[in-house]
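This report concerns the contact between two chains and the setting of one residue. The sequence and structure are shown first.

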Amino acid sequence: MVAFYAPLDRDGLNQKIFYIHVPIALTSYACFGWGAWKGLLHLWKRTPGADLESYVSIHLGVIFGAMTLITGSIWAKFRWGHWWLWSEKQLVLFLVLFLFYSAYFMLRFSVEPGQRQANLSAVYSLFGVVLIPISFLAIRLANQYIHPIAFTSHGPQMSGSQFFTFCVCLAAMLALFSALYRLELAGKRIDASLRELRELIG
Amino acid sequence: MRRYVGDVAALARKDLLLEVRSRDTLPAMLLFVASALVIFHFALPSGTGELAGLGLLWVAIVFTALLGLSRAFVAEREQGVLDGLVLAPSDRSAIWLGKSIAALAFLALAEVIALPLFSIFFSSVDGATIAAVLLADLGICAVGVFVSAMAIATRARELLLPVLFLPLAIPVIVGGVGASVAGSPGRYLGFLVLYDLLFATICWASFEYVVTE
């Protein structure tokens with residue numbers, strides 16, 4: 001559909017990456033939000049398993065975030081001729097979030113598994129959802145003193161069929177996320193029950 | 001309420017007294033910020049302009065704070081005080097608040113030296129910069145002490161603190177540098193206030209989960 005249905009605009013072929021890049025980015029936000037929600041559930045209601053769900057969700061969010069950075073960088077290369085543009089607010093935001101959530105793994109894996117690890121991870125994931133809007137605002141503010149001339153060209157507005165393709169791509173990406181989420185979660189749960197069994201036997 | 005304030009004051013006084021007696025952290029912070037400023041002089045080629053210097057001032061502040069914060073919970077860890085504090089019959093967030101106040105005092109003292117030094121070495125500092133430094137200090141200490149308590153619970157300990165803290169400090173840098181260099185600093189100062197309020201609230205509310213199982 002991306003390849004054949006959506007009409008080309010004045011950017012030509014490289015505009016196609018838009019249908020991959022933006023849905024991945026939005027899915028990544030969804031992952032982080034979902035992870036923080038599960039973290040909150042863990043702290044608030046002590047829902048069993050919420051910690052694992054939060055971790056899997058953030059894990060996938062980081063993978064989607066890395067893909068956003070890569071596809072965004074390719075797009076920037078073809079559209080503006082540079083691999084990295086600091087004036088692209090969304091990409092910079094993803095770089096900050098990528099750094100932040102990479103530290104999540106360092107935090108998580110340097111604590112012994114258990115209640116402590118779950119608590120720290122959950123609190124950190126909550127910091128993440130506060131950091132997203134704050135960083136977004138910060139990057140907008142920073143552009144005002146780093147690039148005094150505002151970057152206003154938003155590209156062409158989407159036509160109906162383009163928007164339709166975009167929505168299908170977004171839905172597909174969210175479906176991919178939920179499939180991966182279930183798969184990974186099932187794997188981790190099997191791991192956990194196996195470990196329990198081993199401890200019982202050993 | 002009064003008991004809570006009393007607890008916080010007692011905890012902050014404990015840290016300040018410890019520092020007065022041992023003189024571990026503050027001299028190191030002072031020397032660090034002075035040498036950082038000298039390094040910046042050699043890192044900036046001539047003709048770079050004073051704006052670059054103002055940007056580096058913020059780098060110096062954040063890294064000096066990091067130096068102090070990495071020591072924040074060391075005494076507690078070595079003596080096992082944190083377990084005692086958690087068991088004490090007071091709200092756990094008082095531990096965070098007391099420690100933040102002590103860290104704020106150290107950082108403010110370091111800046112009392114750093115800012116005049118900066119204005120001698122580089123360019124003069126205006127009122128907006130000083131206001132931004134004060135506001136940023138609140139955010140840096142609130143978030144920094146919180147993250148420091150997280151890092152101390154891990155195997156990697158101090159190593160983890162910069163990794164966790166620096167992504168969270170990016171908005172502070174933006175607000176601070178913006179207030180220092182922009183023509184109208186109002187919105188940047190407002191942004192710093194927003195940052196302080198949001199993160200202080202979330203730190204205050206969730207500190208309990210960091211120190212308890």
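The model is predicted: local features need pLDDT of at least 70, side-chain atom pairs count only at pLDDT 80 or more, and totals for chains, interfaces and linings use all residues. Residues are numbered from 1 along each chain as its sequence is written, while chains are lettered from A and ligands numbered from 1 in the order in which they are written.

The contact takes 25 residues from chain A and 28 residues from chain B; two residues are in contact if their C-beta atoms, placed from the backbone, lie within 7 Å. On the side of chain A that touches chain B, helix 3 (89-109) and helix 4 (115-146) each supply at least two residues. Helix 4 of chain A gives the largest share, 16 residues. Helices are DSSP runs (H or I, at least four residues), numbered from the N terminus.

Helix 3 of chain A packs against helix 8 (residues 160-181) of chain B, as follows.

| Property of the helix pair | Value |
|---|---|
| Angle | about 155° |
| Distance between axes | 9 Å |

The two helices are therefore roughly antiparallel (angles over 145 degrees).

A:Ala25 lies in helix 1 (residues 18-45) of chain A. A:Ala25 is buried because 22 other C-beta atoms lie within 10 Å (buried requires 20 or more). Leaving aside neighbours within four places in sequence, A:Ala25 is in contact with A:Thr68, A:Gln90 and A:Phe94.

Notes
A residue is buried if 20 or more other C-beta atoms lie within 10 Å of its own, exposed if 12 or fewer, and partly exposed in between; C-beta atoms are placed from the backbone. Axes are lines fitted to C-alpha atoms, for helices over the stretch in contact, and angles run from 0 to 180 degrees between N-to-C directions. Angles under 35 degrees count as roughly parallel, over 145 as roughly antiparallel, 65 to 115 as roughly perpendicular and the rest as oblique.
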